[in-house]
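Me: I'd like to learn how to read a sheet and a ligand site in a model. Can you walk me through one?

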Amino acid sequence: MPITPAVSETGDPLLLTPGPLTTSRTVKQAMVHDWGSRDATFLKINRAVLDRIVEIAGGVGTHVTVPMQGSGTFAVEAMLTTFVPRDGKILLLVNGAYGQRATKICAVAGRAHQVLETPEDTPPSLAKLEETLAADPSITHVFAVHCETTSGILNPIRQIAGVVATHGRRLLVDSMSAFGALEIDAGAVPYDALAASSNKCLEGVPGMGFVVCRLDALKAAKGNATTVVLDLHEQWQAFERTGQWRFTPPIHVIVSLHQAIEEHRAEGGVKGRGARYAANCKILIDGMAKLGFRPLLPADLQAPIIVTFHMPTHAAFKFQAFYDGLKDRGYVIYPGKLTVADSFRIGCIGRITPEQMKGAIAAVAEVLADMGVTLKKAA
Ligand SMILES: *Cc1c(COP(=O)(O)O)cnc(C)c1O
């Protein structure tokens, strides 16, 4: 029987990946115009995007958004090298590839740093954090990843922020794969800066990162940067002086992000978006469990963003054939990135409905049947 593959609103395969993600037709349609970088209409849209991000962050009056051209990592590197002074020292909480990437950024930028690492399926130890900060007064900053997309683990960002604040240090957060879907209220979780991007839970297209900065901390960061382009203080100053970007803005990305943020608001903001992702995640985990797949993480550590499954050990299970079979049916999944276990990942985020997630589970069942694989269910 020929297969009719699942498609997005624009006829494309559904991306069950950690980003770039499936976006709505209207988000993509917002881009079919040209604007000059000094165009008043564009600058108004740009201002609205920056202001709306501060509102989503819960930082109105205390925080500002500084955008950065490029992918999310550009924003993380801008955050680390703008906020950590040249004579500062940063403690990085690492339990996956994105924590490791931040560590590499600090090493290349010549910032003194120390790493507290836990396995990919284990949150950072708050006791160890406490102990390390108490023992080393030269540590000025702490870096943490909100949802470590490597595994999909939800790190205890509120508790981490509490410990960091108690010790009078400054927190820098990579909330790339969580911001917009998981609550992190700037009024309740003290941080100096939080990095995210256009193409994850806000469901825009890729091309822009941004850093939500506590205004007082940003002002104090003048002169810290060790690159020209990633200097968030200078980038912010340009907006203050002229309302314009310093260098060519990713105009189409910004205009479509404006549309994406309208759709985020229409869905009920962080709560509404988070609820749909949680529904997708539950359908995914329950459906896969029925077929005999085991998730890496226990439910209390799992963020409703992306789920890591153990690779089945059945002799007839071939990942490439599994991947291709799903792709033929309109679902694009993601290989694993773990070192602790052989695995693959399926994302819950992007313009994906719970109905479509049920379709993905049905497709997984079909592909298993085609391969002649029946997995033993967990007892
Ligand atoms: C996606 C992501 C990033 C940024 O990755 P890019 O490929 O540069 O967009 C950073 N941190 C986390 C946790 C992410 O999920």
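**Sheet first, then ligand**

Reply: Here, three strands form an open sheet: 3 strands in the order β11-β14-β13, with antiparallel pairing. Strands are DSSP E runs of at least two residues, helices H or I runs of at least four, numbered from the N terminus, and two strands pair if DSSP finds at least two bridges between them. The model is predicted, with local features needing pLDDT of at least 70 and side-chain atom pairs 80 or more, while totals for chains, interfaces and linings use all residues. Residues count from 1 along each chain as its sequence is written, and side-chain values use heavy atoms, without hydrogens and water.

Me: Which are the edge strands?

Reply: β11 (306-310) and β13 (334-335), each pairing on one side only. Strands of a sheet pair through backbone hydrogen bonds, either parallel or antiparallel. In this case 2 bridges join β13 to the antiparallel β14 (residues 343-347), and Y334 stands opposite R345 in β14.

Me: Which side-chain atoms lie 2.5 Å from an oxygen atom of the ligand?

Reply: For polar contacts, look for N or O pairs within 3.5 Å. A polar side-chain atom of T73 is at 2.5 Å from a ligand oxygen. The side chain of T149 has an N or O atom 2.4 Å from a ligand oxygen.

Me: How much of the ligand's accessible area does the protein cover?

Reply: Areas use Shrake-Rupley with a 1.4 Å probe. Of the 380 Å² the ligand has on its own, the protein covers 86%. Two or more shell residues come from each of α3 (72-83) and α4 (97-108).

Technical notes: A polar contact is a pair of N or O atoms within 3.5 Å; within protein, one must be able to donate a hydrogen and the other to accept it, and residues adjacent in sequence count only if both atoms are side-chain atoms.
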